[in-house]
Amino acid sequence: MINRKLHFSAWQFLLAFVFVLLNSLSVQGQEAATIDGEPAVPVEASSSGDAALGEALFKANCASCHKLYKKAVGPALFQVSQKYEREWLYKWIKNSAKLIASGDAQAVAIYNEYGQQNMNSFEQLSNLDIDNILAYTDTEKPVPTAAIAGSENVAVSGTVDMSMTNNIILGALAIVLLLLVVLLIVVNKTLKRFAEANGIQTEFDEEEGEQRTPIWKAFVQNQFLVLVSAIFLLLASAYFAYGALMSVGVDQGYAPVQPIHYSHRIHAGASQIDCNYCHSSARESKHSGIPSLNVCMNCHKSIGEVAESTYQEGMDEYGIDYNKEIQKLYAATGWDSDEQKFVGEEKPVRWVRIHNLPDLAYFNHAQHVTAGNIACQTCHGPVEEMEIMYQYSPLTMGWCINCHRETNVDLQGNGYYEKIHKELSEARGGRQLTIADLGGLECGKCHY
Amino acid sequence: MATTKKYWKSTAQLDESNEMVKNLEQNEFASPIPSDEFLGNDQAMEGSNTSRRDFLKYVGFSTAAASLAACEGPVIYSVPYVNQPEQIIPGMANYYATTIANGYDFASVLVKTREGRPIKIESNRDAAFRGHANARVHASVLSLYDNNRLKTPMVNGAESTWEELDNQVSAKLNQLNGKELVVLARTYSSPSMTSIISQLKDKYSNVRVVTYDTVSEDASLDAFEAKYGVRALADYDFTKAATIVSIGADFVGDWQGGGFDKGYAHSRVPNNGKMSHHIQYEANMTLSGANADKRYPVTPTEQKHILAALYSKIVGGSSSVALSDKISKSVEQTAISLKRAGSKGVLLCGIPDRDAQQLTIAINNALSSSIVDTNAPIMTRQGDRKAVESLIKDMNAGNVGAIFIAGVDPVYSYSESDAFAKALSKVALKVSFASSMNATAAKCDYVATVPHFLESWGDTEIKKGHVFLTQPTIKPIFDTRQVEETLLKWSGSNTSYKDVLKEIVISAGSNWNKSLQDGFYKSSGVVFSDDSSNVEQSKVISNASALSSLANAKKESGFELTLYTKTGLGDGSMANNPWLQELPDPITRTTWDNYVTISQADAETLGVVNENVANGALDGSYVTVSLSGVERKLPALIQPGQAVGTIGIALGYGQTAAIQEEMQTGVNAYPFYKDGISVQTVTVKDAGDTHEFACTQLQNTMMGRDIIRETDLATYISGHKDEFNPMPEVSLNHIETPVTSPDVDLWASFDRSTGHHFNMSIDLNACTGCGACVVACHAENNVPVVGKSEVRKSRDMHWLRIDRYYSSTDSFEDDEAKKDGFDGLGLFSDNGSLAGFGELEIPADNPQVAFQPVMCQHCNHAPCETVCPVAASSHGRQGQNHMAYNRCVGTRYCANNCPYKVRRFNWFLYNGNDEFDYHMNNDLGRMVINPDVTVRSRGVMEKCSLCIQMTQMTILEAKKDGRMIKDGEFATACSNACSNGAITFGDINDKESEIFKVKKQDRMYHLLEEVGTEPNVMYQVKVRNI
């Protein structure tokens, strides 16, 4: 009875402990969320516009060339309303070319300073709109709120917390295990004591013990059992050895560290950039092509820094400073973000190739992407979720062949397939065709 | 077979008193291995602190470490462009039109580039003239990646900079003090070069241009100039020819720059029962002779007599020449045939004699031949040997202050090269414009290193009024600058050569971009007219005196030597090209060599022997050939069809300067090329010794077998298919059944009616044996070069070979008649088959010759597929016989079971292997490799794939565009390379296709049809117009 009670209390204790632990964790999580998610409160400037409306307009019209606190294609716009007269600003924004042509000294000066690039005209914006935008541009740079609590601490403690909670859980589990062991011993002893008290003999006589053969000896003497287990062992080891050998050269999950940390999660996932935008040759050629850096610079000319929240996410989740990675891109292309010019020496990037087919196999991206209408994700996996790109598929011949056997071909709307499709499906009794039906299992289709 | 013949490896072996040889015969090593010294020293052994156990531990550890290290895959890097050029898509080929003009070969071509790197040359089919590439032009892309090219400009033999070179040369040019500046150049025929030279003349008043053709056409040029007032050569279009008579002109080969074979082949295919009739009189067995309907082996002197006789018969004028009965009868027939053909007849003459050339022009004019085009002549040979001779005199006299040598290598190729070198040394300023440190460049103070033509701009007026443009297809690999650019700079111009070129094109009224894209433009400048007003009367000789000098030509004592150029090496400017070195000569099938070709009769007189050794390779005696003080020792090869009393030697071999050791083959024959005349009288002596040839085919005959099917035009027109192209039959239930009948087929047939089914047809009438397809196949399929000693062991890797067969009697038909006449019962009787077949093995003195390109026949019932134990060889639905290299374990059963012997085994690793130091052994040479085709490793069988990478690409392009494939889109490397139209390739399931029509022709047959392999490659019976 005592023992039972003891058992019960231990179980209860464990449950309570785990409950408390989880509670404390979730509280911590909630706290972190509120700190991160707290919106930056814009400091109202002296103008009359609505900064919130202005922000929307700014992002739609101005953001591709202007930044608030940093020079981009055009000048930084923070407190631009205080630098110039408002009426002049209306004119400039609505049609800067006209203003320059009229010989306005101020306008011509800016025009010359920024390499004589014309700013688009925004005749569609009303004065009120411009007021709103200017209200937004007067917004002070938000000091990261986390910095108040010591931004470094938050960043570090985030990761420390994670490992701490893991350790706590593991420790708790270890204690529970230990308690269970102790409990068992106690139970065993108590039961023995009960038995002794009731006069039941628990220990065997020594003579009887001598007659009993140890279990290993019995096993050795039973030849059938030995044979069966030997066969089992051999088969098992052959199975594992085969598995191990077949995985030689298969680099599924290969995720090497790249010279520039490039996040497919952000580009393909969050920003929803089409795969073919960067890997454009996949439509045309056998190679999907690692994008040349000029493709990166199409956008990154004006994206020199990531959004604050993205930055934090990078630091917190992956320990990566995204802005530094963008600087690496600038270094490679020789882009001077202050001057907005390509000045430096070009340094090609040595990416580590992830998907490596042996030379003996011929693979053509265009065949699959353009002719076959296969989504990139079919072979490359959820790229839009990958922070670090890895090899999703085994890229073994068996894997290729399986897909060629099982996948029904999408032949609709392709003039090339019309005749062959008709003839083949007649021959196959009208059923859907697979690549195998089109000769996709022949050696020479991939090996030459 | 027992033999008492003694073989030796070195001459030392013959010296019985040589101790070393005796020693080596008994022991493998000359001195014993000092193992006792090492193991017997107990002290040293005990002193070592490595025990046996330790040793085993080390071995075990290193083995384990090595295998562990092997488990880790290598890290592969990928480096994309920083700024990707707009027109480049990685993995896709771009094509550019350009022109090769190197002084010997002139052709408009398309260059295939991958990621900005030229990898293959194709014919430019849009060009009306010279738009097809021969074997050398196809191979020229490999010369771009030649490791022996100079990488910088050179000053006094040391690497230098352009600034340094410009400064020094300009300084010296300013000190000419009125002495002459000579530009010794190949034929440029370039409007831009002419303008640049005139700029040079403006700056340095005393400038002379001397044009020097390595292989001279002076006789023809002189005769043409005397008649038409322009130093050029007549053009010939054989497309509509009815009778072609050639006296010593190898016009199917490289005579006068070649390029006539396309029209010739066209005229050779029977069309509505008509084809051209070709009569050839020649000394050496040439491609033209091999393709002729009638060939007469005659000496060069006899050729002159024949020409004189023909002139008398066609034009008139009396001449009494002594010709043998047979020949004079043939001349009579030839004259009749020419007269009957009238304007569709043509006479070609290769006799290096002005009189002969003049009479040829007269005969063609008398025929009013429409085949000859003198209105728009060929401009690619303008050399003047006499000008070179007077240049040497001037140099010796010290009149020449500076010499620029561009595009030629006279120290190697001039007949009196020592005299030239000596005269050259007397010039104060010697500048060579060469791409390698060739013999002439080595003797010059400065080498203004020039790029390869694939890295250059340029224009060439190949035919009057037709200018072909050269544009760079790759940025110069080395620090080079082309001649034109350098000369512009030195004449004080600041314009770039490209701008000069552009201006010329635009001023000719052509669009620059369009002309570049096409590769040519028509110059609207002065069109040449047949106007005798600009003929210098001093150069004119009367036909009568020419006739009498020809008729009175006397044979001197000795052998008449005819120098020729080989299909592979040409004039020798591309001697450092392993593809060309390994390209078998179409006639002798010999690689990596030049030699004396000699007739069987003369060989017997001289005691010259050719014999096949145990492994089938050919050995031949050496002979000494001497001509007024020049003496050279060359191997002799007995050539069936060589005229008695004549020999032939190929030019272009024996170079040593700037040539890799492996490529330093043969003997330089230019010292025999006195005055640029290809016919010389020499003495020949047996020189003992044995030379090892590397032939890819024995010098045997077809022995009356049914490999090449031949018929004559009359039988073809009147006869049924059964007569000239019978289907082999087998006996089924005592009824003769055709072998193609399903009743006698052991195999189940697959349904191939859906999708594509590729077939190839080879028209034996159109194939001239030029070898362009062989080199194109090399380039497209990364076929390795194996070298002379491997070729000798029959280990050549050519996926496509062009078999050459001789007949044992005068014609193949006689062979068959002879074979049928054998007495089946008596093996040893007079008419017995044993002796008979022995006789059939020996080619006749003047055999008929036939060429047959053979590649994998892609049998539908392939014998190779069934014997592969690992299923590495399998059949595709599209008709191709696939070869999965990575499956192949190298049993070679397939090669054993192949009736066509087209499979090639990789005995070694040919890339990255010091034993095979050819282009695949260095990074530069490997740039030519086609990235779409696997580079095979050792122990693997390989063979023709019907260029599956090309057909698959065509299919993919159609899929991408969502359209059907038009006929003519499918091609292979060889069908693209064959400008003669001998190779047709296409989809047999497309009922509208050319290949479908060709398959239905009466002439169609399959090689060894009776074996029942059902090949997808077919041949068209060769028809001779006898």
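Modeller: Two strands are said to pair if DSSP finds at least two bridges between them. The strands themselves (E, at least two residues) and the helices (H or I, at least four) are DSSP runs, numbered from the N terminus. The model is predicted, and local features need pLDDT of at least 70, side-chain atom pairs count only at pLDDT 80 or more, and totals for chains, interfaces and linings use all residues. Residues are numbered from 1 along each chain as its sequence is written, while chains are lettered from A and ligands numbered from 1 in the order in which they are written.

Strand 10 (residues 243-247) and strand 11 (residues 277-282) of chain B are joined by 5 bridges in the parallel sense. One bridge can be located by residue: B:Ser246 has B:Gln280, in strand 11 of chain B, as its partner. These strands belong to an open sheet of 4 strands in chain B, with parallel pairing and the order 12-11-10-13. Strand 12 (294-297) and strand 13 (345-349) of chain B each have a single partner strand, so these edge strands are left without a neighbour in the sheet on one side. With direction ignored, neighbouring strands are turned by 10 degrees against each other on average. Axes here are lines fitted to C-alpha atoms (for helices, over the stretch in contact), and angles between N-to-C directions run from 0 to 180 degrees.

Two helices pack on this sheet. Residues are in contact if their C-beta atoms, placed from the backbone, lie within 7 Å. Helix 11 (residues 300-314) of chain B touches strand 10, strand 11 and strand 13 of chain B, and its direction makes about 140 degrees with that of strand 10. Helix 12 (residues 325-341) of chain B touches strand 10, strand 11, strand 12 and strand 13 of chain B, and its direction likewise makes about 140 degrees with that of strand 10.

Strand pairing also links the two chains. Strand 3 of chain A pairs with strand 1 (residues 77-78) of chain B in the antiparallel sense, over 2 bridges. In this pairing A:Trp351 is placed opposite B:Ser78 of strand 1 of chain B. Across the interface, 45 residues of chain A are in contact with 39 residues of chain B. Among the elements of chain A that each supply at least two residues to its side are helix 14 (293-300), strand 3 (351-352) and helix 20 (417-427).
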